[in-house]
Amino acid sequence: MLHSRHILCRLTTSAVRPHCFASTLVLAEQIDGGKIAPVTLNTLTAASQLKQDVDCVIFGAEKTNETAAQLQKYNNFNIKKIFIAENAAYKGLLSEAVTPVLLDLQKKNNYTHILGGSSTFSKGILPRLAALLDVQSISDITKVIDKDQYLRLIYAGNAILKLKSNDQVKVITVRGTAFEAAKEGGGSGQAQVEKLDASPTNDLSEFVSREVQQSERPELPAARIIFAGGRALKSKENFKLLYDLADLFPGQATVGASRAAVDAGYCANDLQIGQTGKIVAPDLYVAIGISGAIQHIAGMKDSKVIVAINKDGDAPIFAMADYGLTGDLFKILPELTEKLKQK
Ligand code: FAD
């Protein structure tokens, strides 16, 4: 009897999977122009560490076919199926519109793990899904230990929590900077693309508009170099010193800020790095006039090389910097910019 049940599990390959078949669903994020969000590639790596079949689902108002075609290139990640749900109602990817379809997909396929990147998109949807499934929402994991156990940071990154979940379905957001981005190719076969009957009903919310900052510079989480400024910059105008530096590395560098600089109105709040801002891990992080409060460190401590510029030699940021420069930023930055221009 046990044997026949086992065979039933292995033979069932249709959309409806029996419960004993462990499998993962990745909530893939579509960004402007139908591209896959970089954090989805980090999430694929986390999903692959669960060592089970992976399906992906893409929601969008348009171009979901194109997004799926991009995902198909990651054929070394055991992706079996890519579901696409396209409907004008997914403009803005509102949680109220997306979650019921996701819930339906989970019920049909009995996924044991549902993963999304730690982005505004997944963080809006997955806790809602967890509540509807009546399971714990597991947020911001930094490591997969096994199918039930994960690591995540707590107390602004000062302690690591080992979390064990006994829920039948694990609903997880993945901290992108903690996992390498998936690389294309290397596998055989191609994931099958399947259209979902996407007729969402959502009377709860409506997408009105989105304001996007147009910039030639990369987004903070994708930047290889970040020049971050703190309260010491003293004004919005002085932030230009940082932009001048960043623009010497076109396509690679951008500007970030401490919360004190954001609160003082020196820059937009989407530049904030830290516990309540963005989490980044660039190749090079230059902290300029930033003291190094734990809440700031929580957002940048995984940077590969950290440089601190501060006039106070005892500033806490020096304790974690690979290179430190003690001095006045208003003298150092113009000199540095000139020297780099000569190079
Ligand atoms: P300051 O602490 O005022 O440091 C300024 C530094 O500039 C000093 O070290 C000073 O020596 C140096 N300096 C001054 N003049 C010059 C000069 N001319 N040249 C060179 N150096 C100079 N903060 C974040 O950044 N991100 C977060 O996400 C965040 N979340 C928070 C969440 C909570 C719940 C709380 C309570 C706080 C949070 N904070 C966060 C705030 C955090 O505690 C600090 O207040 C903030 O990071 C300080 O910013 P700062 O380093 O720019 O300013």
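Trainee: Which domains does the domain assignment of the chain give?

Mentor: Domain 1 (23-195) and domain 2 (220-342); such bounds come from an automatic or database domain assignment. This is a predicted model, where local features need pLDDT of at least 70 and side-chain atom pairs count only at pLDDT 80 or more, while totals for chains, interfaces and linings use all residues. Residues are numbered from 1 along each chain as its sequence is written, and side-chain values use heavy atoms, with hydrogens and water left out.

Trainee: What is the order of strands in the open sheet?

Mentor: Strands of a sheet pair through backbone hydrogen bonds, either parallel or antiparallel. Strands here are DSSP runs of E, at least two residues, and helices are runs of H or I, at least four, numbered from the N terminus; two strands pair if DSSP finds at least two bridges between them. The five strands run β13-β12-β14-β15-β16, with parallel pairing. β13 (253-257) and β16 (323-326) are at the edges with a single partner strand each, so one side of each lacks a neighbour in the sheet.

Trainee: How many bridges join β12 to β13?

Mentor: Five, with β12 spanning residues 225-229. Look for I225 opposite A253 in β13.

Trainee: How much area do domain 1 and domain 2 bury between them?

Mentor: Buried area is the accessible area (1.4 Å probe) that two parts lose on being put together, summed over both. Here that comes to about 610 Å², with 62% on carbon and sulfur atoms. On the domain 1 side, A156, R175 and T177 lose the most area to domain 2, together 70% of what that side buries.
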